[in-house]
Amino acid sequence: MKMLFAEVPAPKLDLRKKLWLINWPFIALIVAIALVGAAALYSVAGGSLDPWASRQIVRFCFGLALLFAVAFSDIRWWLRAAFPLYLVALVLMILVPLIGVESGGATRWLGYGEFSFQPSEMMKMALVLALARYYQWLPPEKIWRPDALVPPALMIGLPTLLALAQPDLGTAMLFAVIGGGLMFLAGVSYFYFAAGIAAVIVALPHAWEALHDYQRERILTFIDPERDPLGSGYHILQSKIAIGSGGLTGKGFMQGTQAQLNFLPEKHTDFIFTMFAEEMGFIGAVGLLALYLLALLFITYMALRCRSIFARLVAAGMGLTLFTYVFINVAMVTGLVPVVGVPLPLVSYGGTSMLTMIVGLGFVLNAHVNRRVVFRPEETRTLW
Amino acid sequence: MRKKPPLDYGGKKKPDYARRQRYRFSRRALLVGAGQAGLFGLLGWRLHQLQILDSSEYRLLSDENRMTVQLVAPARGSIYDRFGAVIAENKENLRLLVLPAFCKSLPGTLNSLSKIVPISAATRDRVLRAARRQSGYYPVLVAEGLSWRQFALLNILAPQIPGMRTDRSGYRHYNHARPMSHVVGYVGMAGKAEVDLAPVMRLPGFRTGITGVEKSFDKELRGSPGTIKYEVDVHGRVVRELGSKPSTRGRDLVLTIDHHLQTVALDRIKEHRVASVVLMDVATGGILAMASTPAFDPNLIAFNPDPEQWKELAKARDHPLHNRAIRGQYPPGSTFKVVTALAGLSAGVIDSEETMRCPGVYALGRARFRCWKAHGPGINTHEAIKQSCDVYFYETAKRTGIEHLAATARELGMGRTYDCGLQGEKPGLIPDTAWKRAALFQPWYPGETVIAGIGQGFVLATPLQLAVMVSRVATGRAVLPKLVMSANDPIDSFPQLNFDPAYLEIVRNGMFGVVNEPHGTAGRSALKIPGVQMCGKTGTSQVVSSRYAHKLKGWEAKTHALFIAFAPAHAPRYAAACVVEHGGGGSHAAAPVVRDVMTEALLRDPAGRPAFVANNEGAAPGALAVIGSAR
């Protein structure tokens with residue numbers, strides 16, 4: 001064991017070595033999930049590549065190039081870039097309420113003309129990098145100290161509050177879950193988590209007061225969807241009917257009545273899992289979940305093999321993001337949690353979420369490629 | 001600060017915090033991984049609950065609420081001629097469809113339907129195949145053109161036959177079908193590539209333009225589809241209509257064609273086996289008549305085509321589907337001498353007063369080029385055009401050179417397409433040295449310049465190009481042909497051509513002589529309207545070099561007959577070109593056709609009368625939207 005972790009200088013990696021070190025089965029798994037997504041989009045369009053499947057495939061190919069670019073980049077570069085990136089993302093998020101574009105009662109986009117983008121997507125990546133960077137810098141013996149909790153709490157709290165102000169409950173929850181998860185993995189004491197959970201329980205009634213009406217409505221209809229089947233409960237009810245009517249083997253590819261007859265809302269984005277479960281049945285749905293679970297196991301395995309805490313936390317953090325997305329999306333369409341508008345990674349139609357996720361997976365692979373790299377203390381001391 | 005763990009000295013060891021942190025990470029990562037797997041298990045349990053335990057309940061609910069959204073095909077815009085006569089319109093079409101998803105069994109449904117409407121084995125096959133290929137919620141067409149009796153019977157029986165639908169859609173009907181056939185074209189089922197572009201094409205029996213104006217202006221004519229939302233029960237019976245968005249009718253088109261002149265033109269050329277004639281308004285470029293024989297009846301193709309008949313039409317030896325006026329490329333023969341004369345004059349290599357002697361043969365090196373007649377001495381430009389003396393133009397072409405000759409031809413609008421709304425326009429060919437090197441990898445020979453001077457050799461032109469050329473000579477402006485009237489058309493004033501008006505006048509005088517002076521080649525085809533004269537030029541072009549002429553027999557060995565003309569002589573308003581394939585001499589076969597069509601045009605004077613304006617206000621936004629979305 002001692003030999004294994006002996007601190008020898010990290011080997012210089014050239015591209016050929018990196019090609020050898022990268023986790024090819026994991027990439028094959030990502031491609032498989034994306035192909036399932038393309039097939040689902042093909043079916044949603046009534047058996048046509050237009051308008052969704054073809055564009056999604058093009059975006060995925062573009063994303064794959066990006067994934068390789070991130071995976072083969074130098075991990076030291078990202079170590080240096082982590083804090084500046086976070087700062088840029090934070091500034092952009094602050095700019096959103098000031099100069100952002102409003103759509104559907106929420107201001108989430110920064111845009112100029114044709115081009116628009118969501119700073120909160122960038123923040124998802126930046127938050128993971130920045131927290132990992134922080135714990136790489138923090139001497140491990142100080143991790144128990146309460147004052148060591150202040151910077152990460154601020155780093156998580158600011159974007160969470162900004163997301164709540166947009167208002168975007170789903171993203172805010174995502175920041176909190178990923179941030180909390182990373183602090184847990186970094187080794188923060190259980191005691192603090194127990195205290196945090198207690199505080200949330202105390203704060204919950206006050207938070208309820210602060211919620212927007214539509215957010216309260218969502219939670220209420222979640223608790224009892226039949227309350228108003230043609231109003232806000234409609235989505236959940238129709239989604240449950242679609243999934244349930246799929247049965248064990250499903251209605252067959254392109255034969256889903258709920259989806260093809262336009263009963264499903266957002267069937268090509270947030271509710272694509274519903275359509276998939278309706279057409280492919282229990283077997284197909286569990287198969288897709290198994291693919292995701294396999295990907296998560298891969299990520300955990302890759303995180304465990306890394307030597308630096310930065311690489312470990314980056315890999316694990318991206319894994320947490322993937323997990324949170326998949327879980328919230330599937331739980332949402334099956335009626336386990338309220339509808340919060342979270343896409344199914346790599347499958348739902350949409351450019352921004354697809355790119356965010358695939359860049360995140362690129363970071364996982366980057367950590368894996370650089371699994372033997374350790375950082376000298378002087379590399380972590382500066383802010384960039 | 002993290003310290004390196006002491007490796008080789010004794011004493012009390014400082015705890016290795018970094019290692020502890022790594023172990024702690026490993027423990028917690030496994031814990032988180034287990035938690036994730038557990039939560040996925042929760043999802044699996046939920047799916048199990050929904051899809052296995054409660055599945056039958058949800059299936060019932062799903063069957064209860066089925067809703068179909070059907071696209072409603074837009075009505076296709078009508079096509080009018082310049083005076084508002086309807087050329088293409090929509091008529092009611094009673095149809096029978098099935099929705100495979102709602103049939104208990106598709107073959108069973110077809111069996112019950114066949115008791116009322118005869119369903120052939122081929123149709124049956126097609127329906128079953130279509131049902132397999134596409135989603136079961138797209139209706140499949142079974143039969144169309146039903147009688148009222150069948151339609152009523154089917155509607156009465158509808159509750160007993162699940163998955164059956166009837167509807168009333170339109171089909172395309174063409175008036176003045178044969179004369180207008182090549183110009184208007186016809187509609188048909190969309191090809192696969194097009195179906196992928198627009199979902200409306202998937203509607204059963206939806207027709208899209210295949211050729212002619214129907215194809216070129218398909219987007220404008222098509223309109224945009226509407227939708228109807230139905231709630232249906234488990235058997236596919238409509239419970240109620242939930243709402244609809246009406247379709248927008250396509251834009252109406254007004255052609256520049258006068259259907260009466262068109263009919264006259266086709267009737268006039270019918271006596272020939274293959275011929276075409278184009279009549280243009282030289283001021284606006286509007287095509288007044290464009291007839292090509294053999295013609296066809298688009299009504300036989302656009303609706304319920306008989307496969308046998310179609311095959312016969314497509315494979316016929318004289319290709320009736322081809323519009324000869326734009327697709328026929330012929331050596332222009334002596335009609336090209338108009339171009340050669342203008343080229344020689346504008347290059348300054350000939351003088352209109354200079355006379356030459358025509359011994360009936362022209363020598364260039366060791367080669368001999370013959371004239372159709374020994375014209376003797378005293379041939380100047382005017383006489384050469386009038387009598388169509390080959391020798392004069394051999395010499396002119398030699399002096400001018402192929403580059404300037406080709407440039408002049410292009411200035412007169414030859415060797416290109418005009419994209420005026422017809423499908424499959426051919427560009428013809430105006431050869432020059434660069435072209436020959438690129439296409440044949442050979443140098444240009446002087447002898448080729450000589451024969452190009454009389455429109456033989458490589459030179460090719462379509463009747464439409466010849467009509468444009470003569471319009472440009474007549475007006476001195478860069479006339480471009482036009483087939484569709486547009487409401488906000490500016491009064492077309494084409495730019496002046498780059499020729500000295502005096503030279504154009506010399507050429508026009510020569511063309512005047514062709515028809516109206518003694519010894520003119522088309523003297524017999526002078527107009528019989530008092531006080532109105534026509535200017536023209538005959539052409540008789542060889543199909544093959546005389547060396548190989550013996551290999552062809554009968555009709556195919558005969559020369560093409562051509563004639564180009566404009567009238568009235570001193571205030572040109574109409575221009576015409578006619579080509580009779582293997583018709584013999586231009587003065588015998590082609591000139592009389594042009595004379596008769598021109599006479600009709602002058603007496604009717606379509607260009608002088610106000611044109612019809614279609615009422616498109618209501619339809620225009622829809623049509624625009626379609627164009628916009630297609631981008």
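Me: What does α10(B) lie across?
Reply: Helix α10(B) lies across β11 (275-281) and β12 of chain B, and runs at about 30° to β12(B). Angles here go from 0 to 180 degrees between N-to-C directions, using axes fitted to C-alpha atoms, for helices over the stretch in contact. Keep in mind that this is a predicted model: local features need pLDDT of at least 70, side-chain atom pairs count only at pLDDT 80 or more, and totals for chains, interfaces and linings use all residues. Residues are numbered from 1 along each chain as its sequence is written, while chains are lettered from A and ligands numbered from 1 in the order in which they are written.

Me: And how do you number helices and strands?
Reply: They are DSSP runs, numbered from the N terminus: helices are H or I with at least four residues, strands are E with at least two.

Me: Which sheet has β12 in it?
Reply: An open one of five strands in chain B, ordered β12-β11-β20-β19-β18, with antiparallel pairing. Strands pair if DSSP finds at least two bridges between them. The edges are β12 and β18 (535-541), each pairing on one side only.

Me: How many bridges join β18(B) to β19?
Reply: Seven, and the two strands run antiparallel; β19 covers residues 560-567 of chain B. T540(B) sits opposite A561(B) in β19(B).

Me: New topic: is α6 of chain B mostly covered or uncovered?
Reply: Mostly covered, as seven of its eight residues (177-184) are buried. Buried means 20 or more other C-beta atoms within 10 Å of the residue's own, with C-beta atoms placed from the backbone; 12 or fewer is exposed, and in between is partly exposed. Among the buried ones are M180(B) and H182(B). The cover includes β12 (287-293) and α10 (259-269) of chain B.

Me: What happens just after α6(B)?
Reply: G185(B) takes a positive phi of about 75°.

Me: Where's G136(B)?
Reply: In the loop between α4 (121-133) and β4 (140-144) of chain B. G136(B) counts as buried because it has 22 C-beta neighbours inside 10 Å. Not counting residues up to four places away in sequence, it touches Q255(A), P100(B), A101(B) and A131(B). Contact means C-beta atoms, placed from the backbone, within 7 Å.

Me: Last one: at what angle do α12 of chain A and α1 of chain B cross?
Reply: Roughly 180°, and their axes come within 10 Å. So α12(A) is roughly antiparallel to α1(B), a label for angles over 145 degrees.

Note on methods: Two residues are in contact if their C-beta atoms, placed from the backbone, lie within 7 Å. Angles under 35 degrees count as roughly parallel, over 145 as roughly antiparallel, 65 to 115 as roughly perpendicular and the rest as oblique.
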